[in-house]
Amino acid sequence: MDADVPGTVLKRERTRDAVLELIESRSPGDAIPSERALCALLGVSRPTVRAAVDELVAAGLLVREHGRGMFVAPAKITQELVAGDRALSVPQAAGAWSSRLLEFTTLQAGARVGRKLRMSPAAEIVYVARLRLVDGAPMAIEHLHIRAELVPGLSAQELESGDLYEHLRATHGVHVREAVQAIEPTVVTRAEAGLLDVPELSPALLFERLTSDTKGRPVEYVHSLYRGDRYRIVSRLALGPAAEAAPDLEGHHPGIPPGDFAHGDAITSSTRGDIQAGG
């Protein structure tokens, strides 16, 4: 499937969300419909379903059993990283970050994204897929889902240049305050590999983030795929009381583009991401 054909990124995204909806409605070990049945159910092609299923198998959410079918994978063990009382302000990352839009449209939230953003499935969201680059080299693919009511007139230029959260603050009066984020290892699909300029099935980091504003409203649900060969996670854990506040670290919070939360908005984690020098 050609990743540059308009609509293909959104089609894969909606297919992935539909299969995720089936997974989340079942228990570990339960069967899900076959790829042929999913094609008929979702009205999409076999390659589109296969790509979504391959991604979810690689992410450890589905298990294929030869001759038997596909089943919901066992539940994952989750470890929560807890920061100290001091809120983390996010410094700029090294390198020049830029964005290239892959998709930009307004559509209904759907059941899964609606639950994430605490809104009706029929309510509108702005869906954005963008390629994030550092010094011109592709680093990550981001899928953003933003409540449309909060960003009337959101433009493509805001999504391609500058800091998105600064645009939300200055142009739309949306002040982000807190982000809750999960990180998992995965591998890239063929389409993702083409965009990121890496071999298919290369290691990657999957970030899932829900951002809320100062009123406690969910503003944005994002899942992002970062290149595993260029991105790593470093955690600083406070094991006891510190004599004085630790200096801010260079780099930026993993999965969050540089500049986000740069004006005093707090993030409830002490984890950061570094861009490695190697390619």
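Trainee: Which secondary structure does the protein contain?

Mentor: Please note that this is a predicted model. The secondary structure consists of seven helices and eleven strands. Of the 279 residues in the protein, 46% are buried. Among contacts with a separation of 6 or more, 64% join residues 24 or more positions apart.

Trainee: How should I read the packing of α2 and α3, and at what angle do these helices pack?

Mentor: Begin with the angle between the two axes and the distance separating them. Helix α2, residues 35–42, packs with helix α3, residues 46–58, at an angle of about 115°, and their axes are 9 Å apart. Because angles of 65 to 115 degrees count as roughly perpendicular, α2 is roughly perpendicular to α3. The crossing of α2 past α3 is right-handed.

Trainee: Which residues make the contact between α2 and α3?

Mentor: From α2, the contact is made by Glu35, Arg36, Leu38 and Cys39; from α3, by Arg46, Val49, Arg50 and Val53.

Trainee: Let us turn to the rings. How many aromatic pairs are there?

Mentor: The count comes to three aromatic pairs. To read such a pair, consider the distance between ring centres and the angle between ring planes. For phenylalanine 207 and tyrosine 231, the ring centres are 6.0 Å apart and the planes stand at 90°, so this pair is edge-to-face.

Trainee: Where in the chain do phenylalanine 207 and tyrosine 231 lie?

Mentor: Phenylalanine 207 is in strand β8, residues 203–213, whereas tyrosine 231 is in strand β10, residues 231–235. The pair thus links distant parts of the chain, the two residues being 24 residues apart.

Trainee: Are phenylalanine 207 and tyrosine 231 buried or exposed?

Mentor: Both phenylalanine 207 and tyrosine 231 are buried. For tyrosine 231, the relative accessibility is 2%, so that residue counts as buried.

Trainee: What is the geometry of the pair of tyrosine 226 and tyrosine 231?

Mentor: The ring centres of tyrosine 226 and tyrosine 231 lie 4.4 Å apart, with the planes at 50°, and the pair is therefore tilted. Tyrosine 226 has 0% relative accessibility and so counts as buried.

Trainee: Which residues do the ring pairs link into a cluster?

Mentor: The cluster linked by ring pairs consists of Phe207, Tyr226 and Tyr231.

Methods:
Residues are numbered from 1 along each chain as its sequence is written. This is a predicted model: local features need pLDDT of at least 70, side-chain atom pairs count only at pLDDT 80 or more; totals for chains, interfaces and linings use all residues. Side-chain values use heavy atoms; hydrogens and water are left out. Axes are lines fitted to C-alpha atoms, for helices over the stretch in contact, and angles run from 0 to 180 degrees between N-to-C directions. Helices (H or I, at least four residues) and strands (E, at least two) are DSSP runs, numbered from the N terminus. Angles under 35 degrees count as roughly parallel, over 145 as roughly antiparallel, 65 to 115 as roughly perpendicular and the rest as oblique. A crossing is left-handed if the near helix is turned anticlockwise from the far one by less than a right angle, and right-handed if clockwise. Contact means heavy atoms within 4.5 Å. Rings of Phe, Tyr and Trp (its six-membered ring) pair if their centres lie within 6.5 Å; planes under 30 degrees apart count as stacked, over 60 as edge-to-face and the rest as tilted. Buried means under 20% relative accessible area, exposed over 50%, partly exposed in between (1.4 Å probe, protein chains only).
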